[in-house]
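Work through the exercises below with the structure open. Try each task before reading its solution.

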Amino acid sequence: MIKGNFIDNLPKVYGIYTGGFLAFIIIMAIAEQMGMSAKAIGICFVAFTVAIYAIIGYLSRTAQADAYYVAGRQVPTVFNGMATAADWMSGASFVAMAGGIYFKGYGYMALLVGWTGGYVLVASLLAPYLRKFGCYTVPDFIGTRYGGNLSRLMAVIVLTVASFTYVTAQINATGTIASVALDIPFQYAVYVGLISILLCSMLGGMRGVTWTQVAQYIVLIIAYLLPVFWISNKIGAGFFPHFMLADEVSRIAELEAQFGFVKNSAENLKEVPKGLAGITKAHSAVNATPWAFISLALAMMMGTASLPHVMMRYFTTPSVKAARKSVGWSLFFIFLLYSSAPMLATLSKLSLMDPTLSTGIIGKSVAEVQAIDWYQNWNQANLMFISDFNGNGTVELNEFFMGGKAVVLATPEIAGLPYVISGLVAAGGMAAAMSTADGLILAIANALSHDLYYKIIDPKAETAKRLVVARVLLVVIGFAGATIAAMEIQGILGSVIWAFDFAMSGLFFPLVLGVWWKRANKEGAIAGMALGLISGAGYLIWVRSGGSGFLGITQLTFGIFGSAVSLVAMVVVSLITAEPNAATQKMVDEVRVPSGKSILGKQH
Amino acid sequence: MSKQAQHWEKTRGLLMVTLAIWFVFSIGIFLFGAEMNEVTGPFGYPLTYWFTCQGSLGIFVILIFWFANRQEKIDEEFGFSERGDD
């Protein structure tokens, strides 16, 4: 069926794969009609998709350094775009984003703007130049551009801090989904998730991760879009929700005005289980100050352009030109999901709020709502709660509480979709969390094995030995991440945002100025990375321990302070020390034109 | 001026234009979020709301492809484009 080169056959291979996955969904739907249990369907979805990823991971095994680190630099633009989109959209984007929009409205939507706008910076400031450089990892660029082991080491430290903060959240998310779908305790589910993640990346490195991420993107986008379109059609909101929900959005605003936002007393709120929230903010009105919105968006944009697991995806394209186009495709594939999240939030909120819809619960009697099947299920799962605070026997807007995850996980059931959709959503969430975790673990392990071990500790190491070290590190970092995830210290979304702030504090200006400012030198870069990371982390600790902060910079946007310090430190220190030598300046000139040889050789 | 310096000057010019457009739709318009939301935007959504869930996001996608094409033209003009296709 498939002849010739794998790369030439990609559209066919993934076409067959997509068809196979759709057929699998239909088979499951038929099985459900014939009486297959909900639990069995959930297990089938997760087990089937993870098995496919593992097979792809095995088929992509390699013993070559450039295949392991940069997938042989032959990933076509569109496919690299899909892989980046999967790499990018984490468990948080998939499971928590619609919920965040549902509860917080406009103030939260700064994340949508930030997590997409950052790609403009990636495309115009960095990706094509780093591709021309020919590096394997981000610290590889810093170490070669600025020279010296200390600058390389600093970059490795910033990368590790940012990526490790992020990866524990992702392993946590795979654990949550695996524990729900497979019905096992969270502490074990975390390790089941981890093993699935390692199956994709261990044998093939970047090559394995690339081809599994493409497969994971296909699963997650089907799992996200299918329910949105289905629900929209089912409740008669329009066959193409993105263009047709204006009436629903204004209806929600009308209902908000009718019900009013009643503030609950602290005493009443004590009854509500931890992690659940009520609707307290307007859905489509502007509910945040301009600076609160802009500072969060700006922090996420600069963080996007500094996160190494995204940047290294553009090292895998065949050319500089392809790297630029590939950023566009990445954002297009991300756009498909991000523009659907607010629509899902709208549909979910309206179906619960509107008393004229059969699914609406506000205004119904408490006893009636408590008798609904889905309410009982999700109440048991600790994701829904109602309480009759004012004792009038009916559910008011301020008396209904829900967990953020429930918007994605429970809406299909509330709208009366068959269980097969819930199984599909679980598989999608698993794909989203796994693909991001894989990218992150690989970014850390590659930086440690290539930059720390090979470039600093043992430059004479053989390729075979380097790749053994890389794989051992991959497993060690994975287990360290899983162990911390099993302790359940932080929430998923908070730690994701911190990762962006850490990355921008330490890496944004050293990367950008490395290309755009010839005068930037080693001393400046080291000062920028060290002081940026330290001041950012210091600000976070200060605010967390009760500090008041300044200029409206919160614990979610501390990177703005960190990167400002980094910029000043880098410019001042660069200017008071000697300018870079002629060889370095020539290297920067060469990076700025796409033609000619890359700075670092094919095998290095 | 050398060919390389001219190429870099044009590249920098394109960067400035790209970043200016980026700034308007990621930061600029949100300075007036509250006022703009009174206006009805595309498909009948309130305007600021539409920008946060579709408008800005879509403009970024188009902007990147436009930027990539312009940069390719600049590279070709000075003979710095890569050989071979992608």
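**Exercise 1. Find what share of chain A is buried, then describe its overall form.**

Step 1. Buried residues make up 57% of the 604 residues in chain A. A residue is buried if 20 or more other C-beta atoms, placed from the backbone, lie within 10 Å of its own; it is exposed at 12 or fewer, and partly exposed in between.

Step 2. Note the source. This is a predicted model, where local features need pLDDT of at least 70 and side-chain atom pairs count only at pLDDT 80 or more, while totals for chains, interfaces and linings use all residues. Residues are numbered from 1 along each chain as its sequence is written, with chains lettered from A and ligands numbered from 1 in the order in which they are written.

Step 3. Check the radius of gyration, taken over C-alpha atoms. Chain A has 25 Å, which agrees with the value near 25 Å for a compact globule of 604 residues. That rule is 2.2 Å times the number of residues to the power 0.38.

Step 4. Count the elements. Chain A has 26 helices and three strands. These are DSSP runs numbered from the N terminus: helices are H or I with at least four residues, strands are E with at least two.

**Exercise 2. Locate the largest nonpolar core.**

Step 1. A nonpolar core is a set of buried Ala, Val, Leu, Ile, Met, Phe, Trp, Tyr and Cys residues joined through C-beta atoms within 7 Å. The largest one has 231 residues; I441(A) and I64(B) are among those that touch the most other members.

Step 2. Helix 21 of chain A gives the most to this core, with 21 residues. Both domains of chain A give residues to this core, so it lies between them.

Step 3. Beyond its neighbours within four places in sequence, I441(A) has contacts including V167(A), I197(A) and L474(A).

**Exercise 3. Which helix of chain B supplies the largest share of the side that touches chain A?**

Step 1. The contact joins 40 residues of chain B to 44 residues of chain A.

Step 2. Helix 3 of chain B supplies the largest share of the chain B side, 18 residues. That side divides into 22 nonpolar, 14 polar and four charged residues.

Step 3. Helix 3 of chain B spans residues 47–77 and bends by about 45° at C53(B). The bend is the angle between axes fitted to the seven residues ending there and the seven starting there.

**Exercise 4. Is A71(A) buried or exposed?**

Step 1. A71(A) sits in the loop between helix 3 (65–70) and helix 4 (77–88) of chain A.

Step 2. A71(A) counts as buried because 26 C-beta neighbours lie inside 10 Å.

Technical notes. Two residues are in contact if their C-beta atoms, placed from the backbone, lie within 7 Å. Ala, Val, Leu, Ile, Met, Phe, Trp, Tyr, Cys and Pro count as nonpolar, Asp, Glu, Lys and Arg as charged, and the others, Gly among them, as polar. Domain bounds come from an automatic or database domain assignment.
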